[in-house]
Amino acid sequence: MPTKWIWFLVISLCVTAMLLGALVSEMMRTEDTPPVEEPPGRAYRIIGVWQDRVAVFEPQTDTPERVYEARVSALPDEEQQKLREGIAVYDGKALAQTLEDYI
C-alpha cells in the first residue's frame, strides 16, 4: 500500500516538473527575441504627425512629403506617442509595411 502512494507522488512530481519546464522554456523563447535595431546610416523617411494626420517626411525636413487621411488622435496613446516622436524607416519596403499599420 505505501508503495502505491510513493509511485503516485513520483509520477505527480515528474508531470509537474515537465509542465514547469515547458512553461519556463516558452517564457525564455519569447524573451530571447532580439530587439529591432536601427540600421546604420540615414533614415529613408520618417513617419510622423502633421495636423493630427499620419504623414511621411524626408529626414531633416519639417514639411511633409505626403499626408494621409488617418487621424492620429484615433490611435491608441502608445502609437500616438511613437508617431509624435517620429518613426524612422530605412527603405521603401519598410515604409510601406509600417504605413499599413497606421492608415
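How many salt bridges does a search of the whole structure find? The search finds five in this predicted model.

Strand β1, residues 45-50, pairs with β2 in the antiparallel sense over five bridges. Val 49 has Val 54 of β2 as its bridge partner. Two residues lie between the strands of this hairpin, and Gln 51 takes a positive phi near 50° there. On to the next strand: β2 and β3 (residues 66-71) run antiparallel and are joined by three bridges, with Ala 55 standing opposite Val 67 in β3.

Strand β2, residues 53-57, is mostly covered, five of its five residues being buried. The cover extends to both faces: Arg 53, Ala 55 and Phe 57 are buried on one side, and Val 54 and Val 56 are buried on the other.

Side chains of opposite charge can pair when their charged atoms come close. The side chains of Arg 45 and Glu 65 meet in a salt bridge, at 2.9 Å from N to O. This pair links distant parts of the chain, since Arg 45 is in strand β1 and Glu 65 is in the loop between β2 and β3, 20 residues apart. Arg 45 has a relative accessible area of 16% and therefore counts as buried, whereas Glu 65, at 42%, is partly exposed. Arg 45 also lies over the face of Tyr 44, at 4.5 Å from the ring centre.

A salt bridge also forms between the side chains of Arg 71 and Asp 52, at 3.5 Å from N to O. Here too the pair links distant parts of the chain: Arg 71 belongs to strand β3 and Asp 52 to the loop between β1 and β2, 19 residues apart. Arg 71 is partly exposed at 40% relative accessibility, and Asp 52 is partly exposed with a relative accessible area of 24%.

Helix α2, residues 77-85, holds Lys 82 and Glu 79, which are three residues apart and so separated by about one helical turn. Their salt bridge has its closest N and O atoms 3.6 Å apart. Lys 82 is partly exposed at 37% relative accessibility, as is Glu 79 with a relative accessible area of 21%. Salt bridges with shared partners join Glu 78, Glu 79 and Lys 82 into one network.

The remaining feature is on the surface. Ile 6, Trp 7, Val 10, Ile 11 and Val 15 form a nonpolar patch there, with about 500 Å² of accessible area together. Ile 6 lies in helix α1, residues 2-31, and counts as exposed because its relative accessibility is 52%.

Methods
Residues numbered from 1 in each chain as written. Predicted model: local features only at pLDDT ≥ 70, side-chain atom pairs only at ≥ 80, totals over all residues. Heavy atoms only, no water. Lys NZ or Arg CZ within 6 Å of the ring centre and 35° of its normal. Patch = residues over 30% accessible without salt bridge, like charges linked within 9 Å, V, L, I, M, F, W, Y side chains within 5 Å. Areas by Shrake-Rupley, 256 points an atom, 1.4 Å probe, with all protein chains shown as cover. Salt bridge = Lys/Arg side-chain N within 4 Å of Asp/Glu carboxyl O. Helix = DSSP H or I, 4+ residues; strand = E, 2+ residues; numbered from the N terminus. Buried < 20%, exposed > 50% of the residue type's maximum accessible area, 1.4 Å probe, protein only. Pairing = 2+ DSSP bridges.
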